[in-house]
Amino acid sequence: MKSKYPVTRRDFLRLTSTAAAGAVILPLGMSFSDKAPAPMLRPFGRMKNKVTTLGLGGQASIQWTPDDVDPVSIITKAFDLGINYFDTSNVYDLSQLHYHSAFEKMNLIPGKPNYNKKLRDSITITSKTLMRWGKPGWEERENVRNKSNGEDVQTAADDIRRTMTQLFGDGKGYYPEGSYVDIVLIHALESIEENDILYKGIETPIKPDENFGALVVLKDFRDGTNFTGTNPKNEKLLKHIGFSGHKNPEAMIDFMQRDEYDLLDALLVSINSNDHLYFNMQHNVIPLAKAKGIGVIGMKVFGAGTMYKEVPGFSRKPSQIYRKVGSADLPSNELIEYVLTTPGVDTLIIGIGQIDDDPLKCQLTQNYYGAQVKPDAMSQEKRRSIEAKTAKAAGERTNFFQLDKIDMTPPRDIKQETVNGTTKITWQTAYAAADPISHYEIVLNNNVIGKVEHKPQVLKSKPFAFATNETGDFKVFTVDKAGHKA
């Protein structure tokens, strides 16, 4: 492609910093042509398509649209830039309908004479469902949500069909043959109780007189089967299943460790430079996802706008949408680079509040350039400096969606069994704090008699284990890479 912005990324970001400080006049002789430089791509778990390092979030002005913003233009501009990952949800107000309008312009509606199948095959479209139960008539349970913006939605199957009709059909129930999304995510997972519901019908038989979880429904619509009775036409409307989580690493780890069936291919996870101030994702959730071959999408890069003290929490109306580009004290590109150099992150999504013909005022263009980084492009020293800068500049509770910070935990659920003179000790993974876990020490009579390297525990049914012929009162300690013990 021809370069739309005939300056290096470094020079462009220098101009960005100048713009954030208030000077937005382009240098004499600088011009911009029609096509953007090709974006960087990264592998995406075990999925076929690589993804651009920046994906388009389906919230911000695509969800809550100010009167002077055209949400369709935001989506088509993302296509023009070469972005190939697109995010939306059944709880994002008009987001899916705005994507439909953009898809009409981009010739992405199946069955139409001008349908661009090659373009459709090259992009990844993700939607989400907050439904936890698989059949209507579900019972209310504490810490278990069942929600959709659809008026007649009773199950995850209803949400899947709602996505199809809103993205590719008439928005009233019809969708053309050939409609599909690449990924449907179980949206905003928060509790073990939700996991228990979601795995009904997967971990247990499906019984006619009992309800089952949304996960087995998604499996039916992925595989074109009808074990649940919710897919009588044996439709294949999605290619991959995943989940998203903002809040609770313990629940997210449990959800992945219970997947004995390789159902989960994608994870959308909150991760930013203040993650270390909370029960963190980067040392707990993300390494496990990568160990299981799951593609990882980062979100809440700017803390839903709280990094810039403009938004008190999740936006609920157009007036709360953040429409500026970074700040002089906290350049947006540094926060983007931090996430994309977090080990295990494949891409990230950012909701766009404002686009502009002037690239220095355009959030989408700024984010695009900021995202053109390699996974190893940032040193640990630079990461620590950005963490310190973010905490100082934003402070308070930027990650309002995340659980409070914890101390590193001891190994969990330690069990001991002696058979024929051999003692076997097993335990479930510990949770990390500020530093990654290094290993576990097995101690007898105040002496370390063994060590077991910490690796992400991919299945709950396969705990850490240590065997010895010695006898006595054993203890197991967690040790992180800074030498702390628990």
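## Aromatic pairs and clusters

One aromatic cluster is formed by Phe79, Phe86, Tyr99, Phe103 and Phe168. The model is predicted: local features need pLDDT of at least 70, side-chain atom pairs count only at pLDDT 80 or more, and totals for chains, interfaces and linings use all residues. Residues are numbered from 1 along each chain as its sequence is written, and side-chain values use heavy atoms, without hydrogens and water.

The whole structure holds 17 aromatic pairs (rings of Phe, Tyr and Trp, the last by its six-membered ring, with centres within 6.5 Å; planes under 30 degrees apart are stacked, over 60 edge-to-face, the rest tilted). Phe44 and Tyr85 pair edge-to-face, 6.0 Å centre to centre, with 85° between the planes. Phe44 lies in the loop between β1 (41-42) and β2 (51-52) and Tyr85 in strand β4 (residues 85-87), so the pair ties together parts 41 residues apart in sequence. Strands (E, at least two residues) and helices (H or I, at least four) are DSSP runs, numbered from the N terminus.

Phe44 is buried at 1% relative accessibility. Tyr85 is buried, at 1%. Buried means under 20% relative accessible area, exposed over 50%, and partly exposed in between (1.4 Å probe, protein chains only). Phe400 and Phe401 also pair edge-to-face, at 5.0 Å and 75°. Phe400 is partly exposed at 25%; Phe401 is buried at 6%.

## Charges over rings

The charged end of Arg120 sits over the ring of Tyr180, 3.9 Å from its centre. Arg383 places its charged end over the ring of Tyr338, 3.9 Å from the centre. The criterion is NZ of Lys or CZ of Arg within 6 Å of the ring centre and within 35 degrees of the ring normal.

## Largest pocket

The largest pocket holds about 1000 Å³ of space. A pocket is an open set of points on a 1 Å grid over the protein atoms alone, where a 1.4 Å probe fits, with protein on both sides within 12 Å along at least five of seven lines; lining residues have an atom within 4 Å of a point. Of its 47 lining residues, Gln59, Lys300, Ala304, Phe314 and Ser315 are closest to the centre. β10 (347-350) and α11 (363-370) give two or more residues each.

## Second largest pocket

The second largest pocket has a volume of about 610 Å³. It has 29 lining residues; Gln282, His283, Pro287, Asp435 and Pro436 are closest to its centre. The largest share of this lining, four residues, comes from α12.

Methods:
Grid points are joined across faces, edges and corners, and a volume is the space filled by probe spheres set on the points.
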